[in-house]
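I opened the notebook to look up aromatic rings and the ligand surroundings. Here is the structure I worked from.

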Amino acid sequence: MEGLRFRNLSVLFALIFTLFLFTAVATLFFVPRPSEILKALKSEEMIYSLKLSLITASLSTLLVILIGIPIGYALSRFSFPGKSAVKSILDLPMAFPELVLGLALLLLFGNTAFGKLLSDFGIKVVFTKLGIVVAQFFTAFPYAVRVIHTTFEEISPRYELVARSLGYTEFETFRKVTLPMAKGGLLASTIITFARSMGAFGAVLILAGGSYMNTEILPVTLYLNISYGNIGMAITSGIVLVVVSFLAILLFEKLEDEEHGAVRG
Amino acid sequence: MALLEVENLSIDLGEFHLRDINLTVEKGDYLTVIGPTGAGKSILLEAIAGFYPLRSGRITLNSRDVTNLPPEKRGISIVYQDFVLFPHLSVFDNIAFGLRKVERDKEKVKGEVEHIAEELHISHLLHRKPGTLSGGEQQRVAIARALVVRPKVLLMDEPFSALDEKTREKLRKLVKSVIAEYNTTVIHVTHDFEDVFALATRVAVMKDGRLVQVGTPDEVFSRPKVDFVAGFVGTNVLKGEVIGKDGSLTLISVGGVVLKTADEAERKAVLSLRPENVLLARDPGLCSAQNVIKIRVERIERRGHVLWVHLDGKIKLKAVITPNAAEILGVKEGEELYAMFKASALKVIA
Ligand SMILES: Nc1ncnc2c1ncn2[C@@H]1O[C@H](COP(=O)(O)OP(=O)(O)O)[C@@H](O)[C@H]1O
Ligand SMILES: [Mg+2]
């Protein structure tokens, strides 16, 4: 009896909360008039912002995954001096509010010898499009490394030992056994990274500056237009953000299904 | 010259050490390694495969020093308890995995894979993914994958532990025949003495990172060198005094009971008796066993698919019987029975 009541209550809770969430998302789509959205979608600003968002988020995702794989693998397989310190420092940005992360990056690339050296070589990060990628990279990186690390942790090193004993070198084993076995987790971390990069705002605003039609990505468009009282544009950029992330997740689920289908033969 | 020689091997893993392991394996040997959990059996196997750096010592294979060779250069295959088949590859590709590294000719690879699949009765599974197979099938695939490259040594770490008794039985037979065909030298870690009796030509006993005895199964089980080995393999160890001769047999008094052994001994003697060699009966009757002792059943303990009967009287003994026999005989704790064993089963070990 007692158990049943708890069960009903928890199900009710789940339903009410989901309804609430759904309403919030639906409001986003139904409050503005369709013609308004259409107009905003066709605006030069929106197209610029969407393009820039897709390009920078794809670039930062690529970099995050390429750098995250060896780091996640090293953390999971090898012991080296300072390993636990490396782990903590990698997690640090997760504890930072995005704005503070942005500030730290701004200081690093603007006010230090390192930043000056880069800029002497023509690599300008502060208030540039490159800055967007850098800010997105650092916002998403810790989460990606976590997922990648967990993915490798879940693969028993014995698979690698067997491959080694069958004549494959360390790197061949990584390519032929570990990487294919990690495919699902790497796919998941790619999607998470992409979604986080698309939505990254605080760090981008501080490091790249949210300047109109220059370093303007979708979250910045939303922010700028809210400030100008341009509600139609603001809502539309919100909708575009949601749709892009949603498409990314759909794609992920489709790929994952294919993967599983293949394993089941 | 021995095929595999391990000399003074020591490994330091922080909490755990392998210490001064000396082991020789001849071509065609089937060496089983037994010992309690945590003794270092798996570590020893993986050290031989090349997965751990040695603190000291030397490993030679075919007279070649392989101590510093990486695993992929040793030609030693390994089979684990949990199969570790590559889930993203078909059964065929799993078996062909190692072969493809050395054999470019696709037809040859196919031929070899099909041949060993036939040997291990898995031909009908070649197109499947490992996740869809039963435990016994997966382990046959793992054994095929390890053997098809014709390794110099095949290592197996409790390969049958995850399988049920019937499957285990079948697999032992299969392994025996395929090992014979491929003429493979095997080191097999197990906690199941059935594996030892069915397969081994030699046994090594490990404890706390050391090898405590290496010998033929008969030597280890019937003439354990130290009390630990006797206790671990369950051998009865009796201590007594020689009191005379009866024809070719030696008479030894143990706790006031006179036992007969076919071995020679003088004055004090330590005797061993395998629990499998102790028969139990309701009445002594006429029988060929030279030793018949009235004894009480103290405790019955189930171990795997057999019963260990602890007997107590003037001497203490352990006997192994099947549950079936226990039922027919009606063995119960607290009852008196007769224990019988041949003079040849009672060995003098010291
Ligand atoms: N990589 C490792 N590093 C440190 N200790 C280990 C490692 N692997 C196993 N051990 C420890 O070494 C001991 C022996 O392990 P193992 O060889 O697996 O025993 P077993 O004889 O049961 O196979 C255990 O106490 C285990 O906890
Ligand atoms: Mg083990």
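Which residues form one aromatic cluster? I found B:Phe193, B:Phe197, B:Phe221, B:Phe228 and B:Phe232 in it. Rings of Phe, Tyr and Trp (its six-membered ring) pair if their centres lie within 6.5 Å; planes under 30 degrees apart are stacked, over 60 edge-to-face, the rest tilted.

I note that this is a predicted model: local features need pLDDT of at least 70 and side-chain atom pairs 80 or more, while totals for chains, interfaces and linings use all residues. Residues are numbered from 1 along each chain as its sequence is written, chains are lettered from A and ligands numbered from 1 in the order written, and side-chain values use heavy atoms, without hydrogens and water.

Next I looked up the pair of A:Tyr168 and B:Phe97. Their ring centres are 4.2 Å apart and the planes are at 25°, so I logged the pair as stacked. A:Tyr168 lies in the loop between helix H8 (157-165) and helix H9 (170-199) of chain A, and B:Phe97 in helix H2 (residues 91-102) of chain B, so the pair joins two chains. Helices are DSSP runs (H or I, at least four residues), numbered from the N terminus. The charged end of B:Lys101 sits over the ring of A:Tyr168, 5.5 Å from its centre. That term requires NZ of Lys or CZ of Arg within 6 Å of the ring centre and within 35 degrees of the ring normal.

A backbone N or O atom of B:Lys41 is 2.8 Å from an oxygen atom of ligand 1. For B:Ile43, a backbone N or O atom lies 3.0 Å from a ligand 1 oxygen.

How values were computed. Polar contact = N/O pair within 3.5 Å; in protein donor to acceptor, adjacent residues only side chain to side chain.
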